[in-house]
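Me: Hey, I've just opened this one and I'm new to it. Can you walk me through it?

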Amino acid sequence: MTPKVRLTAKERGAEVLEAAVRAFARSGYEGTKTDEIARLAGVSQPYVIRLFGTKQELFLAAVRSACERIEQTFREAAAETPELGALGASYERMFAEREVLLVLLQGFSASGDPVIGDCVRERFGRIYTLVRELTGASPQQTREFLSAGMLLTVMSAMQVLGPDAIPMPWAEEIQKTFGEH
C-alpha cells in the first residue's frame, strides 16, 4: 500500500480552487453548491468554507484565477512577439482550457451581483490595459481584438470551436475569417 501524501494547506487550497473552476464553469455561480466543489476536491464542505470564507469569495477566486491565466498567456506570447496576432494565437490555444473561458463567461453572467460585478469589471479592465501595454495597440485595435476574443470565447462555450468542436458550417466560416487580414 502506498502511503498517502499529505498536502500543504496551499496545495490543498489550489486543488479546491481547481475543483471550483470546474464546478463554476459547468453550473455558474447560482447553480453551484460548495458541497459539490468539496466532493470534486476530495475535502469536506466545511473545509472549503474555512479556506475561502464564502461561496462568493470562492467564485471570485475562480474568476481571478481565470483572468490571471489569460493574462499569463498574453504575457508569454508578447515576450516572443509583442503583437496582437501573437496574443490572439495564444488565446486560441486556451480553447483546450475550456473551463477557464467558461468561468470568465460565468463571471460576466453573475455581474449583476455588486461584489462580483466590481471584480469582473476590474479584471476585464486589467486585461484591456495589459493588451494595450504589451502591444502598443490603440483603443480601437484593442476593442476589435477583445471583441474577436469574446466571439471566440462564446463559440468555444457553444462547443463549435476547440478540441471537441461540433462541426457547424457557420462556425467554420467565422473561424476562417480570423486567418484573413
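Predicted model: local features only at pLDDT ≥ 70, side-chain atom pairs only at ≥ 80, totals over all residues.

Me: What does UniProt say about residues 10-70?
Reply: An unreviewed UniProt entry annotates them as "domain: HTH tetR-type". The record also lists residues 33-52 as "DNA-binding region", again from an unreviewed entry. In the model, residues 33-52 are 80% helix and 0% strand, with the end C-alpha atoms 14 Å apart.

Me: OK, zooming out. How many helices and strands does the chain have?
Reply: Nine helices and zero strands. Reading from the N terminus, the order is α-α-α-α-α-α-α-α-α.

Me: And what box do the C-alpha atoms fill?
Reply: Roughly 55 × 35 × 35 Å, taken along the principal axes. The chain has 181 residues, and 40% of them count as buried. Its accessible surface is about 10300 Å², and carbon and sulfur atoms make up 54% of that.

Me: What share of the contacts comes from residues 24 or more positions apart?
Reply: 60%, counting the contacts in the chain with a separation of 6 or more.

Me: Switching to charges. How many positive and negative ones are there?
Reply: There are 21 positive and 24 negative charges, and their mean positions lie 7 Å apart.

Me: How many salt bridges turn up in the whole structure?
Reply: A search finds nine. One of them joins Arg69 to Glu97, with the closest N and O atoms 2.7 Å apart. That pair links distant parts of the chain, 28 residues apart: Arg69 sits in helix α4 (residues 55-80), while Glu97 is in the loop between α5 (84-93) and α6 (98-109).

Me: Which residue does Glu71 form a salt bridge with?
Reply: Arg126, and the closest N and O atoms there are 3.7 Å apart. This pair also links distant parts of the chain: Glu71 belongs to helix α4 and Arg126 to helix α7 (residues 114-135), 55 residues apart.

Me: Is Glu71 buried or exposed?
Reply: Glu71 is buried, with a relative accessible area of 3%.

Me: Which residues are linked with Glu71 in a network of salt bridges?
Reply: The network takes in Glu68, Glu71, Glu122, Arg123 and Arg126.

Me: Let's stay on Arg123. Where is it, and what does it contact beyond its neighbours in sequence?
Reply: Arg123 is in helix α7. Leaving aside neighbours within four places in sequence, Arg123 is in contact with Arg64, Cys67, Glu68 and Glu71. Why does Arg123 count as buried? Its relative accessible area is 3%, and buried means under 20%.

Me: What about the salt bridge between Arg143 and Glu144, how far apart are the closest N and O atoms?
Reply: They are 3.8 Å apart. Arg143 is partly exposed at 46% relative accessibility, and Glu144 is partly exposed at 41%.

Me: New topic. What's up with phi of Gln159?
Reply: It is near 60°, a positive value in a residue other than glycine. Gln159 is in the loop between α8 (139-157) and α9 (169-177). With 34% relative accessibility, Gln159 counts as partly exposed.

Me: Last one: which helix holds Ala171, and what does it touch?
Reply: Ala171 lies in helix α9 and is buried, with a relative accessible area of 1%. Not counting residues up to four places away in sequence, Ala171 touches Met155 and Val160. Ala171 and Leu161 are ten residues apart in sequence, and their C-alpha atoms are 7.4 Å apart in space.

Technical notes: Residues numbered from 1 in each chain as written. Heavy atoms only, no water. UniProt positions renumbered as here; feature names shortened; annotations may be inferred. Salt bridge = Lys/Arg side-chain N within 4 Å of Asp/Glu carboxyl O. Helix = DSSP H or I, 4+ residues; strand = E, 2+ residues; numbered from the N terminus. Buried < 20%, exposed > 50% of the residue type's maximum accessible area, 1.4 Å probe, protein only. Contact = heavy atoms within 4.5 Å. Areas by Shrake-Rupley, 256 points an atom, 1.4 Å probe, with all protein chains shown as cover. Lys, Arg positive; Asp, Glu negative; His and termini not counted. Charge placed at Lys NZ, Arg CZ, Asp CG, Glu CD.
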